[in-house]
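Okay, thanks for making time for this one. Let me put the structure up, and then I'll walk you through what I found.

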Amino acid sequence: MQPTSAVPATDASLFYPSPLKEFWQAFAHNKGAVGGLAFMTLIVFCALFAPWIAPHDYSEQYRDFLLTPPVWLEGGQWQFLLGTDELGRDLLSRLIVGARLSLLIGLTSVVISLLPGVLLGLLAGFFPRILGPGIMRLMDVMLALPSLLLAVAIVAILGPGLINTVIAIAVVSLPSYVRLTRAAVIGELDRDYVTASRLAGASLPRLMFITVLPNCMAPLIVQASLSFSSAILDAAALGFLGLGVQPPTPEWGSMLASARDYIERAWWVVSLPGLTILLSVLAINLIGDGLRDALDPKLKNAA
Amino acid sequence: MLSFIARRLALLIPTFFGITLLTFALIRLIPGDPVEVMMGERKIDPVLHAQALHRLGLDKPLPAQYLDYIGQLAQGDLGQSLRTRESVWHEFTTLFPATLELSLAALLFAGTLGLLAGVIAALKRGSWFDHGVMGLALAGYSMPIFWWGLILIMFFSVNLGWTPVNGRIDLLYDITPTSGFMLIDAWRSEEPGAFVDALKHLILPAIVLGTIPLAVIARMTRSAMLEVLREDYVRTARAKGLSPARVVFVHALRNALIPVLTVFGLQIGTLLSGAVLTETIFAWPGVGKWLIEAISARDYPVVQNGILLIACLVILVNFTVDILYGLVNPRIRHQG
């Protein structure tokens, strides 16, 4: 069979690189971002395959091995690589299963605040007289409350638990999406391509979602990565305050809360969950920086 | 300038009413019977229940209830704590100086260190110092501060025994709170060692609370300095033969500070969120710990109006920052 591609041989470098490739090149330029991505891949892998990777059942209490130190310390056991907690549960297994929870909370809260946030931002941008002021005042009200306090208040009403934690965090991160989308939309509305599309008779939904929205995506993607990391932090903070996911579910923050009493005897129960939180959040922020540099060069070096 | 202030002030009013609506709704969204919740008791006699409902004004339609709430607020009545029977306003004003003292100490720590690190990093752009500072800043920005607090306690208080674990001052000292600031009160009390002890209690919480602001300030200062150092007037100042220190700290830093201050002023919400956690870890008797305890104890009047007070505080600070920014930067003042 003859190859159908009878295109004359051209120098590949004359073509524009595909957007994806161009993006990856800009992203890979940032070493920190690649490191962050590698670490997050590991965490995601752990979260996805937690039941198979975790060496022990996360709730199994080994009564003979209470507060066993990690393996490299004196008294460490090879069966408990990172040691055990005050109830004799394997720390490594709990951290691995905890990754599931943190990623789940992060992901769902980003999605359920991104969608209404973008919609409200679009509405505020497209109807600057009718809907804009009302929506923006509402967001001002939400921004007036310190985010953790608002989340705590919401959990106080709804009661602690996984779903309420997600709702609280989603509500807290809503205003930044609305503000970003609105600002981006207002910037785009004066452009010629929007006018052209209007003149061509595009309907309002088409203008909103197909013409304008794709051009506002860059700051939104960056913001999504940032609020993903702050969602993990806030969820851990709520867990630490005893208002988040309830024990015995191994949530990183609530693991720290119960470890507080062993601060003098067992540093690993206190250090390791927090270190995991720190590294994950750091990794996501590094990825966020890389995304910002790659997608939105205007924002480069803007702190 | 006056019309600028008036415009900003006019924006405050709907925000304020929005917040009262929020705190009003907050208390009514709680599942369960409001009287039982308010009284903190269960299975109340039906007659008493009806009386209580009437007394609390909860038998009226919602809009009337909201007007009642606004009326109470207008008279300065913020209700009583269910636990202590003290007025919410009294408790807030007693505890607030502790939070303010902690926040100011944290800001002092973050401000001095952050500005210095940011300026040096900008001057030595690309050096190992720059990379190091920016790496640390990113780590600080990602820090779960409740864990950071525990780690510092573990290291400095438990292992080294340098600083006390919690509280504002040792129980040995009997300090009368006149200003509410422990450092000042301890200094005035003239009890030997009281001031140093208060200072030792303050250091760790201030570092913990200051960590995220420190990271933000260092990053902002660096990028603002890099921007300013490229300007013509800096080159002119250098060409005139001014000393490098004078160019950097007098000519450049002054202009670089504007964006830093604005971003920083708007960080007060972050600071108060951090105060909630820091106060909980160090048993620091401030408004953050007070609110968390009220929430766990279901002390709803405190939760409702404590949140209202803090929100008003945040709005006022943001308003002040806005006005100051307008004063410094005429372009903002004349925007529509």
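So, to start: what do the buried residues of α11(A) pack against? Keep in mind that this is a predicted model. On the chain A side, they pack against α4 (91-126), α10 (217-240) and α12 (267-295). And α7 of chain B joins in as well.

Helix α11 of chain A covers residues 252-259, and seven of its eight residues are buried, so it is largely enclosed by the rest of the structure. The buried ones are W252(A), G253(A), S254(A), M255(A), L256(A), A257(A) and A259(A).

Okay, the two chains one by one. Chain A has 12 helices and zero strands. Its C-alpha trace spans about 75 × 60 × 40 Å along the principal axes. Out of 303 residues in chain A, 45% count as buried. If you take the contacts in chain A with a separation of 6 or more, 68% of them are between residues 24 or more positions apart.

Chain B has 15 helices and, again, zero strands. The C-alpha trace of chain B spans about 85 × 55 × 35 Å along its principal axes. Chain B has 336 residues, and buried ones make up 36% of them. For chain B contacts between residues at least 6 apart in sequence, 69% join residues at least 24 apart.

Now a helix pair inside chain A. How do α2(A) and α4(A) pack? Helix α2, residues 31-48, meets α4(A) at an angle of about 105 degrees, and the axes are 8 Å apart. That makes α2(A) roughly perpendicular to α4(A). From α2(A) you get I43(A), V44(A), C46(A) and A47(A), and they meet I96(A), A99(A), R100(A) and L103(A) in α4(A). By class, the residues of that contact are seven nonpolar, no polar and one charged.

On to where the chains touch. The contact takes 37 residues from chain A and 40 residues from chain B. On chain B, the helices that each supply at least two residues to that side include α1 (2-29), α9 (194-229) and α14 (300-328). That side of chain B comes out as 32 nonpolar, seven polar and one charged residues.

What about the nonpolar core? The largest one has 168 residues, and L149(A), A151(A) and V152(A) are the ones with the most contacts inside it. The largest share of this core, 19 residues, comes from α9(B).

Last thing, confidence. The predictor gives the complex an ipTM of 0.81 and a pTM of 0.83. Chain B averages a pLDDT of 81, and 93% of the residues score at least 70. Within chain B, helix α5, residues 88-123, has the highest mean pLDDT of the elements, at 89. Helix α15 of chain B, residues 330-333, has the lowest, at 64.

Technical notes. Residues are numbered from 1 along each chain as its sequence is written. Chains are lettered from A and ligands numbered from 1 in the order in which they are written. This is a predicted model: local features need pLDDT of at least 70, side-chain atom pairs count only at pLDDT 80 or more; totals for chains, interfaces and linings use all residues. Two residues are in contact if their C-beta atoms, placed from the backbone, lie within 7 Å. Helices (H or I, at least four residues) and strands (E, at least two) are DSSP runs, numbered from the N terminus. Ala, Val, Leu, Ile, Met, Phe, Trp, Tyr, Cys and Pro count as nonpolar, Asp, Glu, Lys and Arg as charged, and the others, Gly among them, as polar. pLDDT is the predictor's confidence in each residue, from 0 to 100. A residue is buried if 20 or more other C-beta atoms lie within 10 Å of its own, exposed if 12 or fewer, and partly exposed in between; C-beta atoms are placed from the backbone. A nonpolar core is a set of buried Ala, Val, Leu, Ile, Met, Phe, Trp, Tyr and Cys residues joined through C-beta atoms within 7 Å. Axes are lines fitted to C-alpha atoms, for helices over the stretch in contact, and angles run from 0 to 180 degrees between N-to-C directions. Angles under 35 degrees count as roughly parallel, over 145 as roughly antiparallel, 65 to 115 as roughly perpendicular and the rest as oblique.
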